[in-house]
Amino acid sequence: MTKAAEETRSVYVPEPATIVDKDRMTQQETWYELRMDSGQQLEHDPGQFVMISVFGVGEAPISISSPPTKEDGFELCIRHVGNVTNAIKELEVGDKVGIRGPFGTGFDSDTVAGKDILFVAGGLGLVPLRSLIWTVLEKREDYGRVIIFYGTRSPSTLLYEDELQQWEDDPTVEYHGTVDMADDTWKGNVGVVTTLFPRVDLDPDNTVAFICGPNIMFRFVVQETQKVGIPDDMTFLSMERRMKCGIGKCGHCQEGSVYICREGPCFSYEQIKAL
Ligand SMILES: Cc1cc2nc3c(=O)[nH]c(=O)nc-3n(C[C@H](O)[C@H](O)[C@H](O)COP(=O)(O)OP(=O)(O)OC[C@H]3O[C@@H](n4cnc5c(N)ncnc54)[C@H](O)[C@@H]3O)c2cc1C
């Protein structure tokens, strides 16, 4: 895109992008690799999202799941739940979608260099955290311990299974997985994600927690981080709300005076505990 075109680009107008690869991850979720037709990179921060549109159907906010360092495009993981996300399920490699963004605030990995990093992901919450996890692992020597807690409903709903195995095998990563309901294939922990906390000794003075999952999970995970003594301003989470414009105009995602799409979706718990 030329500089002049970039300057006049409207945040309301979707830019064309092409699906270059896709893979069914579970019964409900599909992984996508996309490229902007302009050839530009999104230049996002981990935790930011795009508005993806299917022409003639509508738009939905979806987190960017690849790290910013990925060359040639970006990745999404989409759970097919309604109009837009089910329309995306029908699209094939080579098909076009519209993309606006990246929008929102991301997680800041630079200011927490030197700290132990605890990731707590529930279900689809692994999607935005994955972008940050890889960002941290790409500069592994800049951080202390890296601890990942990941919980899903059942073994068949695990996302990014190859990468979970990679983290499990990596001696510099402390990976702990759990499922709410086990089956014959499952050898690990059974229970909600908070049942993983007693498995590790965390240093409250040097640990930063990044949390993403269903709304119900936040309250219980924050109870655990507070019990350990991790300060609220060192506990970060990503909040999902129904969004329309993505840029703080329409008010669909407003909580009190806060527009989650613009001032979030990533906040410290200190910032949002009053909401
Ligand atoms: C910042 C952000 C990041 C997100 N990242 C991802 C992602 O990476 N992958 C992904 O699969 N999804 C993600 N979502 C959720 C996704 O945006 C919704 O599932 C999507 O908008 C549904 O659109 P639809 O047209 O398919 O469904 P609709 O036809 O609009 O609705 C289908 C059903 O889902 C409910 N619903 C829709 N949106 C939400 C919501 N946000 N919260 C609770 N219930 C809702 C509706 O009430 C309805 O019951 C994210 C949402 C936000 C706000």
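**The ligand and its pocket in a predicted model**

The ligand sits in the largest pocket, where sitting means that more than half of the ligand's atoms lie within 2 Å of the grid points of the pocket. This is a predicted model, in which local features need pLDDT of at least 70 and side-chain atom pairs count only at pLDDT 80 or more, while totals for chains, interfaces and linings use all residues. Residues are numbered from 1 along each chain as its sequence is written, and side-chain values use heavy atoms, with hydrogens and water left out.

We begin with the pocket. A pocket is an open set of points on a 1 Å grid over the protein atoms alone, where a 1.4 Å probe fits and protein lies on both sides within 12 Å along at least five of seven lines; its lining residues have an atom within 4 Å of a point. The largest pocket holds about 1,300 Å³ of space, a volume being the space filled by probe spheres set on the points, which are joined across faces, edges and corners. Its lining has 49 residues, of which Arg79, Leu124, Gly213, Pro214 and Glu240 are the closest to the centre. Two or more lining residues come from each of β4 (58-63), β5 (74-79), α2 (83-89), α3 (126-138), β8 (146-152) and α5 (215-228). These elements are DSSP runs numbered from the N terminus: helices (H or I) have at least four residues and strands (E) at least two. Strand β4 gives the most to this lining, with five residues. By class, the lining has 22 nonpolar, 18 polar and nine charged residues; Ala, Val, Leu, Ile, Met, Phe, Trp, Tyr, Cys and Pro count as nonpolar, Asp, Glu, Lys and Arg as charged, and the others, Gly among them, as polar.

We turn next to the ligand. Around it are 19 residues, and Pro61, Cys77, Arg79, Thr85 and Arg242 come nearest; a residue belongs here if one of its heavy atoms lies within 4 Å of the ligand. In this shell, β4, β5 and α2 each supply at least two residues, and β4 has the largest share, with four. The shell divides into 11 nonpolar, four polar and four charged residues.

A polar backbone atom of Arg79 is 2.6 Å from a ligand oxygen, one of Asn83 is 2.9 Å from a ligand oxygen, and a backbone N or O atom of Gly82 lies 3.3 Å from a ligand oxygen. The protein covers 73% of the 890 Å² of accessible area that the ligand has on its own, as found by the Shrake-Rupley method with a 1.4 Å probe.

Finally, the backbone itself deserves attention. The peptide bond from Gly101 to Pro102 is cis, with omega near 10 degrees, and Pro102 lies in strand β6 (residues 96-103). A cis peptide bond also joins Gly264 and Pro265, with omega about 5 degrees.

How values were computed:
A polar contact is a pair of N or O atoms within 3.5 Å; within protein, one must be able to donate a hydrogen and the other to accept it, and residues adjacent in sequence count only if both atoms are side-chain atoms.
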